[in-house]
Amino acid sequence: MFPPPPQRSFPDGDAAIRSTDDDAAHARVSAVRKGYLKDPYIQYLVPRSHLIPTRPPLINVGTYVRSEVIDRLIFKWLDLLGESPQAQIELPVNTRLSKYIELDFPEIISKKALSIRKHSALGQAVGSSITIEKGGTVLRSEVFNLFAADLRGEPSKVLQPLESLLSKQFYDGSPSGMLELA
């Protein structure tokens with residue numbers, strides 16, 4: 001019989017939620033390493049990715065299926081908008097759209113922003129004019145935007161700081177955008 005998995009203790013209730021982001025990224029690293037997925041950018045988003053242990057085949061298959069379903073949904077969205085998925089630059093699925101906004105916990109956004117700033121391959125993928133603000137919890141480029149937000153609050157208060165971006169930069173009359181609530 002196998003011993004029980006080690007118990008992780010989390011300093012606050014949200015740490016367990018935030019750790020799911022790392023778990024998903026580690027599963028993606030494993031799936032890429034084993035050839036289930038192609039993602040040339042995951043190595044830059046996961047610190048010390050070469051040290052991440054390979055996951056069992058069932059996890060790799062599950063990661064592949066999840067990624068494939070998300071890709072197909074995005075391609076379907078692009079078809080509905082009249083844009084050809086084949087015309088999109090081959091980037092991580094989240095940057096295949098002409099405009100993209102991601103909202104997540106501050107800790108997650110600042111890690112992604114730091115990775116984008118640190119690695120030129122990521123910086124080139126998300127646009128040439130990148131600005132990082134508010135201690136790394138906001139990243140803006142012409143097509144890719146990251147914002148820290150706790151979506152458990154009242155929507156009018158949580159999303160109020162994004163109002164100017166959503167009305168001016170993101171919605172310029174072109175419907176080809178996506179808002180991801182991570």
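Arg48 sits in the loop between H2 and helix H3 (57-81); helices (H or I, at least four residues) and strands (E, at least two) are DSSP runs, numbered from the N terminus. This is a predicted model, where local features need pLDDT of at least 70, side-chain atom pairs count only at pLDDT 80 or more, and totals for chains, interfaces and linings use all residues. Residues are numbered from 1 along each chain as its sequence is written, and side-chain values use heavy atoms, with hydrogens and water left out.

Q: Why is Arg48 called exposed?
A: Exposed means over 50% relative accessible area, buried under 20%, and partly exposed in between (1.4 Å probe, protein chains only). Arg48 has a relative accessible area of 59%, so Arg48 is exposed.

Q: What is the phi of Arg48?
A: Arg48 has a positive phi of about 50 degrees, although Arg48 is not a glycine.

Q: Why does Lys134 count as exposed?
A: Its relative accessibility is 63%, so Lys134 counts as exposed. Lys134 lies in the loop between strand S2 (131-133) and strand S3 (138-140), and its phi is positive too, near 50 degrees, in a residue other than glycine.

Q: How do you know that the span of H4 agrees with its 13 residues?
A: The expected span of a helix is 1.5 Å times one less than its number of residues. For the 13 residues of H4 that gives 18 Å, and the end C-alpha atoms are 18 Å apart, so the two agree.

Q: Which residues of H4 are buried, and what puts them on the same side of H4?
A: The buried residues are Ile108, Ile109, Ala113, Ser115 and Ile116. They cover an arc of only 160 degrees around the axis, which puts them on the same side of H4; the arc is that of the directions from the helix axis to the C-beta atoms. On the other side of H4, Leu114 and Lys118 are exposed.

Q: Which element gives the largest share of the lining of the second largest pocket?
A: H4 does, with four residues. A pocket is an open set of points on a 1 Å grid over the protein atoms alone, where a 1.4 Å probe fits, with protein on both sides within 12 Å along at least five of seven lines; lining residues have an atom within 4 Å of a point. Among the lining residues are Arg48, Leu114, Ser115 and Lys118.
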